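Here is a protein to question step by step. Each answer sets a value against its rule and then concludes.

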Amino acid sequence: AVCTKTVCLGSNVRFEDASWNAVIDSYAWEFQDATPATSTSPTPIVAFGTPGWKTVTLTVSNAAGSDTRISEKYIYVSPNWSENQGPATFDMETDVAPGTGNYLFLVENVEENFSKFSVVD
């Protein structure tokens, strides 16, 4: 799965099941590095304790059986804001998302205020 959300370290995140075409009798969620790490709620709320890409697993069940979906790198947990403040230099050719082999440059503006960015040769 592709990352669809970015959250700050320690922020509460609510997940929702998007199963269709059947009545679901039970849910079994697993969250990498989260509290709680597991849940049986259809809409669990968790907080991730470490930054980085996280895997989320959901198993749904009913009388006909069960199905499991494992979504690797589904959500990105960014470090605390204080770790990213001030002037910074990034090498756009070698900085990669840890463990993915993909280039990553992520700018968050959680307060929705204005910022100025510039590229220096």
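Q: How much of the contact set in the protein joins residues at least 24 apart?
A: The model is predicted. Among its contacts between residues at least 6 apart in sequence, 56% join residues at least 24 apart.

Q: What elements does the protein have?
A: It has eight strands and zero helices. From the N terminus on, the order is β-β-β-β-β-β-β-β.

Q: What share of the 121 residues in the protein is buried?
A: Buried residues make up 24% of the 121. The protein exposes about 8,900 Å², and carbon and sulfur atoms supply 51% of that area.

Q: Why is lysine 54 called buried?
A: The cut-off for buried is under 20% relative accessible area. Lysine 54 has 2%, so it counts as buried.

Q: What makes aspartate 33 and lysine 54 a salt bridge?
A: The rule asks for a side-chain nitrogen of Lys or Arg within 4 Å of a carboxyl oxygen of Asp or Glu. In this pair the closest N and O atoms are 2.9 Å apart, and the two form a salt bridge. The pair links distant parts of the chain. Aspartate 33 is in the loop between strand 3 and strand 4, lysine 54 is in strand 7, and they are 21 residues apart.

Q: How many salt bridges does the rule give, by count?
A: The count comes to two. One of them joins the side chains of glutamate 16 and arginine 14, at 3.1 Å from N to O. Both of these residues are exposed.

Q: Why is glutamine 32 called partly exposed?
A: Its relative accessible area is 33%, which lies between the 20% and 50% cut-offs, so glutamine 32 is partly exposed. Glutamine 32 is found in the loop between strand 3 and strand 4.

Q: Which residues does glutamine 32 touch, beyond those up to four places away in sequence?
A: They are Phe48, Trp53, Lys54 and Thr55. Glutamine 32 and lysine 54 are 22 residues apart in sequence, yet 5.7 Å apart in space, C-alpha to C-alpha.

Q: What lies 2.9 Å from the backbone nitrogen of threonine 55?
A: A polar atom of the side chain of glutamine 32 does. The cut-off for a polar contact is 3.5 Å.

Q: How do you know that strand 3 and strand 7 pair?
A: Pairing needs at least two bridges. Six bridges join strand 3 to strand 7, and the two run antiparallel. Glutamate 30 stands opposite threonine 57 in strand 7.

Q: What joins strand 3 to strand 5?
A: Two bridges do, and these strands run antiparallel. In strand 5, threonine 38 is the bridge partner of glutamate 30.

Q: Which side chains of strand 3 are buried?
A: Tyr27, Trp29 and Phe31 point to one face and are buried.

Q: Which residues have the most contacts inside the largest nonpolar core?
A: They are Phe15, Trp29, Phe31 and Phe48, in a core of 15 residues. Strand 3, strand 6, strand 7 and strand 8 each supply at least two residues of this core. In soluble globular proteins, nonpolar side chains tend to be buried together.

Technical notes. Residues numbered from 1 in each chain as written. Predicted model: local features only at pLDDT ≥ 70, side-chain atom pairs only at ≥ 80, totals over all residues. Heavy atoms only, no water. Buried < 20%, exposed > 50% of the residue type's maximum accessible area, 1.4 Å probe, protein only. Helix = DSSP H or I, 4+ residues; strand = E, 2+ residues; numbered from the N terminus. Contact = heavy atoms within 4.5 Å. Polar contact = N/O pair within 3.5 Å; in protein donor to acceptor, adjacent residues only side chain to side chain. Areas by Shrake-Rupley, 256 points an atom, 1.4 Å probe, with all protein chains shown as cover. Core = buried A, V, L, I, M, F, W, Y, C linked by side-chain atoms within 4.5 Å.
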